[in-house]
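Here is a short briefing to read alongside the model. Have the viewer open and follow the topics in turn.

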Amino acid sequence: MYPVSELIKNLADQHGRDRHNLLPILQGVVEQEKYLSEYSMIEIARELDLPASEVFGTATFYSFLEYKKMGKYIIRICKTITCSMKGKNQILLAIEDMLKINVGGTTPDGNFSLLQSNCLGFCHKAPAMLINNEVYTDLTAEKVREILSAYLKKK
Amino acid sequence: MEMVNLIIDHKPVVVRKGSTVLEAASGIGIDIPTLCYMKLDDMNIENKPGGCRVCVVEVKGRRNLAPACCTEASEGMEISTHTIRVVNARRTVVELILSDHPAECLICAKSGNCDLQNMANHLGIRKIHYQGEHSVYREDTSPAIIREINKCIMCRRCETMCNDVQTIGVLSAVNRGFQAVVSPAFEMNLDHSVCTYCGQCVAVCPTGALTEVDETGAVIRALSDPSKTVIVQTAPAVRAALGEEFGMPAGTLVTGKMVAALRRLGFDYVFDTDFAADLTILEEGTELLNRLSAFMAGDQQVKLPILTSCCPAWVKFFEHHFPELKDIPSTARSPQQMFGSIAKTYFADKIGVKRENLVVVSIMPCLAKKYESSRPEFSVNGNPDVDFALSTRELAHLINLSNIDFKSLQNEDFDAPMGESTGAGVIFGTTGGVIEAAVRTAYEIFTGKQLPRLDFEELRGMDGLRKATIDFNGTPINIGIAHGLGNARKLLEEIQAGTSEFHAIEIMSCPGGCIGGGGQPYHHGDSEILKKRQRAIYSEDQNKTIRKSHENPYITKLYEEFLGAPLSEKSHHLLHTKYFDRS
């Protein structure tokens, strides 16, 4: 058995196998795997006895449920108005320059993916970004380079 | 029962608690326009995502307009259904939908039958004030159904049919916002999915987003090719619905006019699929009796119940979802395929035409028949037994195209030999009909006695799941009937669990059977139309002189001259098939 099948089985045991348990199971897989592969979505569909189309439909609806292969660290820059007005574009350029990827891309070593997100709720500390579940606020180009350097060392 | 009082357009109305504003209004004759909403009364299925907002009404004391289809009527409510504010909102909503809809109405397959077009007309929209982005999505073509998602308005009716009625679950809304589309899992094409091609999604699609593969052009080319002999077969359900396409009331039988029209179109021989239905009964009925006798003699190897196999969507369904049961359905091919196979051997020899020069066209109430005729096991050296399967709607197009005044045609008869059929063949077109036809023949062969009556009312009706026990001269035979794949699934799960009490089960994929097929004139969810078509089918059966398949003289002759006996080696080769595990 693939480890992901085991993970899905455990998640289903933990949350239940009803239709309304789909979301926590999808989140559980994303937490471990960073994204939902076709294989995991089919396995989840089988485990919960749901059509695969419905699992895929749910996964594609929520922006934090990735269904394309993602890097170990997913960087999400808030793209909404306040962050934009407070210099989000400079932050984005700094990251793109440092990691040599564009929005939507993943570094060749599979460590970083760069995405934009809707409002993270940190307008008062804009611009803001997330790296996995960690929030970084009051960003400047300088600050973002420091943060990424730390991650680059960590990996 | 708790009731609530409310006022709609100044009229007081009392409704059951839990009713929607839409239901309350229609109860007093106020017609609130709807677009995405769909109600299938008999199946207790409702599609009301509240997505299109066309049915909005004004509720006194409420700031926003409320969608009538999914707003519950409550005590003291005061509703206005057509104030200026409401009408303007409806127009805005439809204009916004149209702003992202291809303006191809002139050449769209759904033109004239399109709910969106009708709505735009109803609201008198002559200009679209909103210019915005257009969604672009690839076109997906399968052997039977075309998806043109650019024309989709996200009403989700197809999803309701696919998921709730048929329990196939191929279609689901995927992505979000402007990118949202209805699609199979992983946005794969239909032909890679477990779609059965039942066509019920096409039957309810309000726009041209889901349509059948149009083969009328290819048929016209064949008809105008002097080197080809073109023959046609017509399925039983077609004659009970074709008239609707020409403005005749639902339930008008147009068998004679249909034959006349097909002759005018230039078909060399006009035959009847009912002939092949009679043949199916002899093959399938004999198979049933063999299995039954072996079972009663104590043979543990024999698998019961026997399931009918005429419906191609149903065949694809069990191949995908219940492959372990693939030995249970009868191995008999469907009437369409039996016809094709006999036409290209027996009949081709009889008229001295080579297989390659004989073109078999079938007129079917069904879209899955297109898929069925394309299955590789039903062709010989790349030449299919059935070349083209047209839907009832496509036949109507052909008739219109050829300037035939359908309503004024004089009745004509089918050609011999493959146009002769019995009443048993006719009732194949409705739920319960195949098994009733089988009972008529199996009873007489099994008991050696004449049937005391021919109408088995206990097998008829419109309930999704029915059962009856027929007394075979002291031997009780339990019969199950399901229409709609969701109901079929229930019977199959019983078989899987070993709790099935049936000896024989009839399954048809479409609600109502073939009369409600995906290729029939659009009935827009009105089940009364299905009941009228059903009555028409039974009345044709009543009026036939011969009503038992084994008494069809041309079938007897076919066995004498060509096949030998039911389940003979030749029959096996030409009239039976095998099923594949597609799980």
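**Sheet in chain A**

Strand β3 (residues 129-131) of chain A is joined to β4(A) by 3 bridges, and the two run antiparallel. Strands here are DSSP runs (E, at least two residues), as are helices (H or I, at least four), and both are numbered from the N terminus. This is a predicted model, in which local features need pLDDT of at least 70 and side-chain atom pairs count only at pLDDT 80 or more, while totals for chains, interfaces and linings use all residues. Residues are numbered from 1 along each chain as its sequence is written, and chains are lettered from A and ligands numbered from 1 in the order in which they are written.

- A:Ile131 has A:Glu134 of β4(A) opposite it.
- The open sheet has 4 strands in the order β2-β1-β3-β4 (chain A), and its pairing is mixed; two strands pair if DSSP finds at least two bridges between them.
- At the edges stand β2 (112-117) and β4 (134-136) of chain A, each with a single partner strand, so one side of each is left without a neighbour in the sheet.
- On average, neighbouring strands of this sheet are turned by 20 degrees against each other, direction ignored. Axes are lines fitted to C-alpha atoms (for helices over the stretch in contact), with angles from 0 to 180 degrees between N-to-C directions.
- Helix α6 (residues 88-99) of chain A lies across β1 (73-78), β2 and β3 of chain A and runs at about 155 degrees to β1(A).

**Sheet in chain B**

- Strands β21 (residues 475-483) and β22 (residues 504-508) of chain B run parallel, joined by 5 bridges.
- B:Ile479 stands opposite B:Ala504 in β22(B).

**Domains**

- Chain A is assigned domain 1 (3-61) and domain 2 (73-154); domain bounds come from an automatic or database domain assignment.
- The centres of these two domains of chain A, taken over C-alpha atoms, are separated by 28 Å.
- Chain B is assigned domain 1 (3-122), domain 2 (140-212), domain 3 (228-275 + 336-408) and domain 4 (287-333 + 420-575).
- In chain B, 14 residues of domain 2 are in contact with 16 residues of domain 4, contact meaning C-beta atoms, placed from the backbone, within 7 Å.
- Helix α5 (residues 200-204) of chain B supplies the largest share of the domain 2 side, 4 residues.

**Nonpolar cores**

- The largest nonpolar core has 182 residues, and those with the most contacts inside it are B:Cys158, B:Tyr197, B:Cys201, B:Ile231 and B:Trp314.
- Such a core is a set of buried Ala, Val, Leu, Ile, Met, Phe, Trp, Tyr and Cys residues joined through C-beta atoms within 7 Å; buried means 20 or more other C-beta atoms within 10 Å of the residue's own, against 12 or fewer for exposed and values in between for partly exposed, with C-beta atoms placed from the backbone.

**Between the chains**

- The contact takes 9 residues from chain A and 12 residues from chain B.
- Strand β10 (residues 172-174) of chain B gives the most to the chain B side, with 3 residues.

Key: Two residues are in contact if their C-beta atoms, placed from the backbone, lie within 7 Å.
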